[in-house]
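I opened my notebook for a slow walk through one structure. Here is what I looked up, entry by entry.

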Amino acid sequence: MLTIRRCLVEAIVAHARRDHPDEACGVVAGPVGSDRPERLIEMTNAERSPTFYRFDATEQLRVWRAMDAADEEPVVIYHSHTATEAYPSRTDISYASQPDAHYVLVSTRDPDIHELRSYRIIDGTVTEEPVEVVES
Amino acid sequence: MSVIVSVPTILRTHTGGEKSVTASGATIAEVIADLETRYSGIEKRLVKDGALHRFINVYVNDEDVRFAGGLAATVRDGDNVTILPAVAGG
């Protein structure tokens with residue numbers, strides 16, 4: 001189960017809406033081992049594409065070092081699908097390398113209603129999990 | 001030429017849990033070959049068909065080696081080599 005504050009959900013959705021029709025991506029960092037997403041970091045989609053995303057590698061190094069220095073880890077790794085449902089694509093599964101992360105997908109295909117879902121992706125196996133949104 | 005290599009969580013099964021290891025070589029290819037002599041299996045996680053695997057980012061100090069020759073990128077004594085899993089998808 002992913003437990004996440006409402007303000008973080010709103011910020012993820014706002015980022016996805018802003019970058020639509022390109023895919024948006026980012027992380028929510030939290031203290032190592034806490035499983036608690038706290039600090040949202042919007043990442044640059046180096047692909048600037050409606051069908052693909054990749055964290056800008058140089059930005060990723062800087063963000064990962066800052067997390068290390070603060071004893072944080074990427075608790076949530078999120079990206080948007082802009083024309084399809086919020087379910088991991090084959091490419092998403094092949095790249096997923098963080099067994100402890102919650103992979104959050106948000107779909108912006110409907111201009112009014114977003115769809116936000118969360119998954120564990122371990123060794124190519126996708127398991128959906130409930131998302132509990134708590135008040136900030 | 002001795003460098004310090006930061007190993008991401010997903011590859012620490014090869015390094016006995018070590019987060020940071022030393023290696024020698026004048027290029028990224030040589031550094032990886034040297035790691036393979038001690039941490040068997042790590043090379044095929046990093047290299048595919050003679051190039052860096054697309055799932056992996058490698059940096060020398062702050063520079064992404066994709067823009068510095070990839071496996072042929074040179075390293076100097078005391079450099080920090082950081083390996084990170086690329087975060088990408090569709």
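The entries below start with one chain, move to the contact between chains, and end with a few single residues.

**Entry 1: the model.** I note first that this is a predicted model.

**Entry 2: chain B as a whole.** I looked up the secondary structure of chain B and found two helices and eight strands. Reading from the N terminus, I wrote down the order β-β-α-α-β-β-β-β-β-β. The C-alpha atoms of chain B fill a box of roughly 40 × 30 × 25 Å along the principal axes. I then checked the radius of gyration: chain B has 12 Å, which agrees with the value near 12 Å for a compact globule of 90 residues. Of those 90 residues, 34% count as buried. I also looked at contacts in chain B with a separation of 6 or more, and 51% of them are between residues 24 or more positions apart.

**Entry 3: A:Cys7.** I located A:Cys7 in helix 1 (residues 6–19) of chain A. Is A:Cys7 buried or exposed? A:Cys7 is exposed, because it has 12 other C-beta atoms within 10 Å, and 12 or fewer count as exposed. Its C-alpha atom is separated by 14 Å from that of A:Arg36, 29 residues apart along the chain.

Entry 4: I came across a cis peptide bond between A:His20 and A:Pro21, with omega about 10°. A:Pro21 lies in the loop between helix 1 and strand 2 (25–31) of chain A.

A:Asp35 is not a glycine, yet has a positive phi of about 60°. I found A:Asp35 in the loop between strand 2 and strand 3 (39–43) of chain A, partly exposed with 15 C-beta neighbours inside 10 Å.

B:Asn61, not a glycine either, has a positive phi of about 55°. B:Asn61 lies in the loop between strand 5 and strand 6 (63–64) of chain B, and its 13 C-beta neighbours inside 10 Å make it partly exposed.

Conventions
Residues are numbered from 1 along each chain as its sequence is written. Chains are lettered from A and ligands numbered from 1 in the order in which they are written. This is a predicted model: local features need pLDDT of at least 70, side-chain atom pairs count only at pLDDT 80 or more; totals for chains, interfaces and linings use all residues. Helices (H or I, at least four residues) and strands (E, at least two) are DSSP runs, numbered from the N terminus. The radius of gyration is taken over C-alpha atoms; the globule rule is 2.2 Å times the number of residues to the power 0.38. A residue is buried if 20 or more other C-beta atoms lie within 10 Å of its own, exposed if 12 or fewer, and partly exposed in between; C-beta atoms are placed from the backbone. Two residues are in contact if their C-beta atoms, placed from the backbone, lie within 7 Å.
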